[in-house]
Amino acid sequence: MSAPTQTKPVAAGGDDFSLKAILPPLMAIIVGMIMVILDSTVVNNAIPKLVEYFDTDLKTIQWTVTGYTLALSAVIPLAGWMTDKFGSKQIFMITIALFTIGSVLCGIAQTPEQLIIYRIIQGLGGGMMAPIGMAMVFKLAPPERRGSIMGVLGIPMLMAPAFGPVLSGWLVDSVSWHWIFIINLPIGIIAFILGYKYLPKSDRHAAPHLDVIGMCLAPIAFSMLAYGVSEGGTSWSSASTITGLTVGGIALILFIFVELAQKQPLLELKVFKSSDFTRSIVLTWIVQLALFGAMLIVPLYLQGVMRYTALETGWILMPQALCSGIAMPISGRLFDKIGARPLAFAGLAAISVSLFILSGISVDTSLWVIILCICIMGLGMGFSMMPLNTHVLNSAPRRLVSRVTPLTTAAQQVVLSFAVAGLTGYLTSQITSHAASAGADANPLNAVVAGYGDTFFLSACIVTAGVALSLLLRKPKQQEEDGTAGGDNPDPAMMVGH
């Protein structure tokens, strides 16, 4: 898959360049991207209200998150092909429009099934916005000024996860859950107008061969596997679980064979021949599986058990994002000096400790204990994720590295969908199991708390396996093709998911 279309920088020379010159197109990209980043954080905090409003269960509503992440994963690998075929500006404008339309549809959904379908439409629009937007920003400035421009872009990308849950909580409590989606309408209109007026035109190029078979098999495989994992949380022997895992497994096997046979595959799977790459990306998946799944469970606990409002939950969750933002630049500096292994080990150990503490949660657990745990998780995430993702890119053969970013970014969304589906299914089944064993006279809240404790314990065990695996990380071997002149270098513009 080719890289997104390059646009001509506003100023070719560093002497003539100024931030003011590219501020209008930069604002168009930032406004568009911030919608997607915010949307990824606001929905988690609103899930208890959605369960209540639609009078349904958590297993159904979690598909508003799972469907969205699977849709993201389906279109992320298409970003390069689409920009080559139609131009980066045109595709960016289309993604803004599609995401905005999907948001409005979500805001007027009447049933949980409608909301899930409309969230998928949102995901189809949002999936390509981030990689294309980052690529366009990367091309706007001359090489010697790209760091400062990326820093400007990083401010809203850092603040959105911190304030997203607070914004969501305020809208849910003071207005209506509908507005966590409808608020994207004015933002989308502003982004569309700015993009139409200020984004530089980009040339179209001859698009490479499109892997249609892989494009069809991937969504079937990952969605059915996610469905099977979700149903497995209740019963691994049920017909729905077996059907989901069987169909998804067969589709996944076919997808792997198709991708390995393609000269221009949708996802470059040959990179897994590198043992260093395989170890590091599996470790990354473990972290994402446990951490992001746990961060979905925490707001459910705060609202469902401790009876905090959505707004109060948003403020409680903010320190996690702030701690992560503080740790990330520190880990970036340390990575160049000491490598990924000690940082990954320390970060994963911190996450593991915090999850083990949460696994002992009870109805009497203080809020400050929970805040301390999510702060530790934020620090652990900040110290482990950036070094691990950089290590993944460094571990890939140089000739394949430009095609690794679509693979890792799409895979991240698939893993998140599995985390949400699996942990919510497990949580539901554990609460049911504890309630049944306690009897009719027991306090039902104790069964609920015990179910949450079991779910945190499962997440802690997963991360502990990651702590052990982090000890196997090593400095990637330099392969023969790494030194070739024709080897591709990683495009930082495509590293938005990292």
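1. The second largest pocket of this predicted model holds about 570 Å³ of space. Its lining is made up of 22 residues, and P48, L300, Q303, G304 and Y452 are the closest to the pocket centre.

2. Five helices each give at least two residues to the lining of the second largest pocket: α1 (19-54), α7 (146-175), α12, α16 (404-438) and α17 (444-470). By residue type, the lining comprises twelve nonpolar, five polar and five charged residues.

3. Q303, one of the residues closest to the centre of that pocket, belongs to helix α12, which spans residues 275-304. Is Q303 buried or exposed? Its relative accessibility is 12%, so Q303 counts as buried, the cut-off being under 20%.

4. The side chain of Q303 makes a polar contact of 2.7 Å with the side chain of N45. Leaving aside residues up to four places away in sequence, Q303 touches N45, P48, Y308, T309, A310 and T313. Of these partners, P48 is also listed among the residues closest to the pocket centre.

5. Which residues have the most contacts inside the largest nonpolar core? They are I47, L115, I351, L355, M377, Y452 and F456, in a core of 66 residues. Helix α12 provides the largest share of this core, with 13 residues.

6. For L115, the contacts beyond four places in sequence are with L50, F54, T64, C106, A109, W177 and F181. A separate core lies apart from the largest one; it has 52 residues, including L26, M35, L140 and F255.

7. D55 has a positive phi, near 50°, and sits in the loop between α1 and α2 (58-61). Its relative accessible area is 71%, so D55 is exposed, the cut-off being over 50%.

8. R307 is the other case: its phi is positive, about 65°, although R307 is not a glycine. This residue is found in the loop between α12 and α13 (310-338).

Notes
Residues are numbered from 1 along each chain as its sequence is written. This is a predicted model: local features need pLDDT of at least 70, side-chain atom pairs count only at pLDDT 80 or more; totals for chains, interfaces and linings use all residues. Side-chain values use heavy atoms; hydrogens and water are left out. Helices (H or I, at least four residues) and strands (E, at least two) are DSSP runs, numbered from the N terminus. Buried means under 20% relative accessible area, exposed over 50%, partly exposed in between (1.4 Å probe, protein chains only). A polar contact is a pair of N or O atoms within 3.5 Å; within protein, one must be able to donate a hydrogen and the other to accept it, and residues adjacent in sequence count only if both atoms are side-chain atoms. Contact means heavy atoms within 4.5 Å. On a 1 Å grid over the protein atoms alone, a cavity is a set of points where a 1.4 Å probe fits but cannot get out, and a pocket is an open set with protein on both sides within 12 Å along at least five of seven lines; lining residues have an atom within 4 Å of a point. Grid points are joined across faces, edges and corners, and a volume is the space filled by probe spheres set on the points. Ala, Val, Leu, Ile, Met, Phe, Trp, Tyr, Cys and Pro count as nonpolar, Asp, Glu, Lys and Arg as charged, and the others, Gly among them, as polar. A nonpolar core is a set of buried Ala, Val, Leu, Ile, Met, Phe, Trp, Tyr and Cys residues joined through side-chain atoms within 4.5 Å.
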